[in-house]
Amino acid sequence: MAHIAVIHGPNLNLFGTRETHIYGSVTLEQINQRLHEAVGANHELRITQSNHEGVIIDTIHEARNWANGIVINPGAFTHYSYAIRDAISAVKLPAVEVHLSNIHTRESFRHTSVIVPVCVGQIAGFGWRSYLHGLAALLDHLSEQQ
Ligand code: DQA
């Protein structure tokens, strides 16, 4: 069994109502439900959301004590939070960055991720399913490490 921290960043609590033409109408609660359904009893998911950079950093630090890997959608922190990047780098847990939208086809400030260089990789543009694909990619990565 793998233990995975799923971390949602700022404004993602508004998924389902926020800019639905970009992010769709699935709520964060529904995404979380679908992730739990996908892994069933095979893997443990601890899912958190925060609008605060420091809380996300604390969550990453705590994951060091129990998790095998991280799935993270850092929201807009993706584009400028060196502190979240350093936290992922510090805990040395494999992380997969996910985005509902394809950040590379949007405004130019979204084209850069300061987080992905310390991640295994990035999945973007598949709507809420980016989380499913990101989780599957992380689990595959972990199984190859064993
Ligand atoms: C996002 C993309 C970010 O650029 C944006 O700031 C978000 C959502 C996504 O999931 O597509 O808040 O991370």
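# A walk through a predicted protein model

Residues are numbered from 1 along each chain as its sequence is written, and side-chain values use heavy atoms, with hydrogens and water left out.

Let us start with the whole protein. Along its principal axes, the C-alpha trace spans about 40 × 30 × 25 Å. The protein has 5 helices and 5 strands, which follow one another along the sequence as β-α-α-β-α-β-α-β-β-α. Both kinds of element are DSSP runs numbered from the N terminus: helices are H or I with at least four residues, and strands are E with at least two.

How much of the protein counts as buried? The share is 47% of the 146 residues. Buried means under 20% relative accessible area, exposed means over 50%, and partly exposed lies in between (1.4 Å probe, protein chains only). Among the contacts in the protein with a separation of 6 or more, 76% come from residues 24 or more positions apart.

Now look at a pair of helices. Two packed helices are described by the angle between their axes and the distance between the axes. Helix 3 (residues 53-63) and helix 4 (residues 82-91) pack at an angle of about 5 degrees, and their axes are 9 Å apart. That makes helix 3 roughly parallel to helix 4. The axes are lines fitted to C-alpha atoms, for helices over the stretch in contact, and angles run from 0 to 180 degrees between N-to-C directions. Angles under 35 degrees count as roughly parallel, over 145 as roughly antiparallel, 65 to 115 as roughly perpendicular, and the rest as oblique.

Which residues meet here? From helix 3 come Glu53, Ile56, Ile57, Ile60 and His61, and they meet Ala83, Ile84, Ala87, Ile88 and Val91 of helix 4. The residues of this contact divide into 8 nonpolar, 1 polar and 1 charged. In this grouping, Ala, Val, Leu, Ile, Met, Phe, Trp, Tyr, Cys and Pro count as nonpolar, Asp, Glu, Lys and Arg as charged, and the others, Gly among them, as polar.

Next, follow the chain into strand 4 (residues 95-99), where Glu97 is found. Glu97 is buried, with a relative accessible area of 0%. Leaving aside its neighbours within four places in sequence, Glu97 is in contact with several residues, including Ile72, Pro74, Ser113, Cys119 and Gln122. Ala87, 10 residues from Glu97 along the chain, has its C-alpha atom 14 Å from that of Glu97.

Charged side chains also pair up. The structure holds 4 salt bridges, each a side-chain nitrogen of Lys or Arg within 4 Å of a carboxyl oxygen of Asp or Glu. One of them joins Glu19 and Arg18 at 3.4 Å, N to O; Glu19 is partly exposed at 37%, while Arg18 counts as buried at 19%. Another links Arg46 with Glu44, with the closest N and O atoms 2.8 Å apart. Arg46 is partly exposed at 40%, and so is Glu44 at 23%. Arg110 and Glu107 form a salt bridge too, at 2.7 Å between the closest N and O atoms. Here Arg110 is buried, at 14%, and Glu107 is partly exposed, at 36%. Arg106, Glu107 and Arg110 are linked in a network of salt bridges.

Finally, visit some loops. Asn11 lies between strand 1 (3-8) and helix 1 (20-23), and has a positive phi of about 75 degrees although it is not a glycine. Lys92, in the loop between helix 4 and strand 4, also is not a glycine and has a positive phi of about 60 degrees. Asn11 is partly exposed at 37%, whereas Lys92 is exposed at 72%. Gly127 sits in the loop between strand 5 (121-124) and helix 5 (129-145). Gly127 and Asn102 are 25 residues apart in sequence, and their C-alpha atoms are 8.6 Å apart in space.

Definitions and conventions: This is a predicted model: local features need pLDDT of at least 70, side-chain atom pairs count only at pLDDT 80 or more; totals for chains, interfaces and linings use all residues. Contact means heavy atoms within 4.5 Å.
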